[in-house]
Amino acid sequence: MSAALLEVDHVTVSYDGFKALDDFSFAMQPGSVHVLIGPNGAGKSTLLDTIIGRVRPTQGRIVFKGENISALPEFRIVQRGICRKFQTPGVLDELSVEANVLVAATRDRRSWRSLTTHRSQSERDRVEEVLDTIGLSAKRALPAAQLAHGERQWLEIGMVVASDSDLLLLDEPAAGMTHREAELTAALIRSLAGRHAFIVIDHDMDFVEQIAAPVSVLHMGRMLAQGTVEDIRINPAVAAVYLGRAVQSV
Amino acid sequence: MRGQGLAYGLILAVLIAAPLYAPPYELSLLGRFLAFAIAALGISLIWGTAGMLSLGQGVFFALGGYALAMHLKLAGAGAGELPDFMQWSGLDHLPWWWEPFRSPVVTFAAILLLPGIAAALLAFLVFRRRVSGAYFAIITQALALAAATFVISQQQFTGGFNGLTGFSDVFGFALTDSHTQLALYWITLGTLAVTFAGLRWLLSSRFGTLLLAIRDGENRVRFLGYNPLPFKVLAFAIAGILAGVSGALVTLDLGVISPAMFGVVPSIEMVIWVAVGGRASLIGAVLGTLLVNFGKDWVSSAFPDLWLYVVGLAFILVVTLAPSGVVGIAKGWRRPGLSRRTPPVLVE
């Protein structure tokens, strides 16, 4: 347990009495991949929000690399090595594709260190590598606003990867993508596993299957089931939740 | 890029040579408007690039202007004497906070530091609370109102509504001398040119990219591991310093600084110069300042009551029809279909 990269330790997040997360615990190892699924309002996005500091736990704590990060400012949490892709693409529209990746790839993010036009070789290499990976090398000079929806998703995935964080949080990375694009995204996640740990939220079971990673099902802020995609498919409690029937027991 | 450098060089040459061909009245206007343009460049940085609309740049303009004016009043009064307006108000000794301004060095430092520190402090306090957009604009507007009201109310210390005026010479040179005037024009032009080049570099640096990124998505930038606060504070401090330098130069040029020059209306006018020229472009800020101010001079002398309507109309037209200003229109002619760089909203 001490080697865990991330520990979500009995976290409750409540909004005016509504518990978006209810005494939720979860842990993951460095380099591992986890998929989160669950009906709308199950608490998936809230979990990512809580890890990244957008939402603060009402109770419990988030421990990353052995450090309690529950009260750190957002940018400090990111500097510790967690980066998140949001559900609605969060690319910087007015910046070029290349500048988007560069902003994400910059290691030293202090303001006074930005007073330079110099780019280190390692940063340039990293930007090239990421642009290649996401297939946007040819469109590097375009403002991000001019990209197609799928490309914007890719760009943001590229930014998150470029940050070289140890833990990457991807909130519906394949939303709005074509089948082919989703396949490529899953392949990308598989190829980067080990170098980075991932938590991926998605609804599309085909996509989840392609990622080929352990799946956790959330329901009403609690862990409903954990297992392989196959385990989850045949789990009667999960089926009940997804079909909207009452669950007798969890 | 090369053609652009050539164009800027040409414009600079034309401006340097202006005393050779421009009539005295137009030349004195040009000098003053070039000094205004320094403040406009600061607004272009914070509003056009970083998306922070300040309706209170007059406050920083005043800090620079009054710092210099206090020195000039003390220098003019002679040793042991009080400035004239203090005597009229019945003051019998100099307030302690006037004392340092006897020194030219302190004055020079104060012209840069007072507005810079005041702007940094304001930005820090406001942006730390994550106040932005229209709320920020309103706070700065209120500050301009409060500053003008305060200066008017403290007549015995500040010269009140009339401001500080009646300077004889600056650092030993007679202000009315034509050589001093000429030197002042070139100093103003030089300051503007250096400011312009400096800001161009700043915008091309990573700092400039981050400012644009923060305007585009402050939260996104935060979640990429940056603290937006120091970026915004630094940009706002730079704009404050530029407003202060502008205020000092204009005070020299006009021979007066008063609340009528830095209150609510002048602060808004500064924003209008930049909006008309094109807020996302540095050259637009300079161009807009010259255009609006020469327009003001012309309209005010031909139709004295019309100016406020004209400038109001110009502002509405720019905001609704040409958000990138004159520069945007020019670019649209050159490359149709590519003119929409600036979002039409005033504050994000």
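# A tour of chains A and B

Start by selecting residues 228–254 of chain B: this is helix α11, with 27 residues, and it reaches 39 Å from its first C-alpha to its last, close to the 39 Å expected at 1.5 Å a residue. (The expected span is 1.5 Å times one less than the number of residues; helices are DSSP runs of H or I with at least four residues, strands are runs of E with at least two, and both are numbered from the N terminus.) Before you click on, know that this is a predicted model, in which local features need pLDDT of at least 70, side-chain atom pairs count only at pLDDT 80 or more, and totals for chains, interfaces and linings use all residues. Residues are numbered from 1 along each chain as its sequence is written, while chains are lettered from A and ligands numbered from 1 in the order in which they are written.

**Stop 1: around α11(B)**

Is α11(B) mostly covered or mostly uncovered? Mostly covered: 24 of its 27 residues are buried.

**Stop 2: α3(B) and its partners**

(Under 35 degrees is roughly parallel, over 145 roughly antiparallel, 65 to 115 roughly perpendicular, and the rest oblique.) To see the contact, select residues including B:A35, B:A39 and B:I46 of α3(B) and B:A239, B:L242 and B:L249 of α11(B). (Contact is when C-beta atoms, placed from the backbone, lie within 7 Å.) This contact of α3(B) with α11(B) divides into 18 nonpolar, three polar and two charged residues. (Ala, Val, Leu, Ile, Met, Phe, Trp, Tyr, Cys and Pro count as nonpolar, Asp, Glu, Lys and Arg as charged, and the others, Gly among them, as polar.)

Next, select α3 (residues 24–49) and α13 (residues 282–302) of chain B, which pack at an angle of about 135° with their axes 8 Å apart. That makes α3(B) and α13(B) oblique to each other. Among the residues in this contact are B:F33 and B:A37 of α3(B), and B:L290 and B:F294 of α13(B). By class, the contact of α3(B) with α13(B) has twelve nonpolar, four polar and one charged residues.

**Stop 3: where the chains meet**

Show both chains: the contact takes 21 residues from chain A and 20 residues from chain B. Which helix gives the most to the side of chain A that touches chain B? Select α2(A), with four residues. That side of chain A has nine nonpolar, seven polar and five charged residues.

**Stop 4**

Go to A:F198 in strand β8 (residues 197–201) of chain A. With 22 C-beta neighbours inside 10 Å, A:F198 counts as buried.

Then try A:D23, which has a positive phi of about 50° although it is not a glycine. A:D23 lies in strand β2 (residues 18–28) of chain A, and its 13 C-beta neighbours inside 10 Å make it partly exposed.

Finish at A:A212, in the loop between α7 (205–211) and β9 (215–219) of chain A. A:A212 is not a glycine either, yet has a positive phi of about 55°.

Notes. A residue is buried if 20 or more other C-beta atoms lie within 10 Å of its own, exposed if 12 or fewer, and partly exposed in between; C-beta atoms are placed from the backbone. Axes are lines fitted to C-alpha atoms, for helices over the stretch in contact, and angles run from 0 to 180 degrees between N-to-C directions. Two residues are in contact if their C-beta atoms, placed from the backbone, lie within 7 Å.
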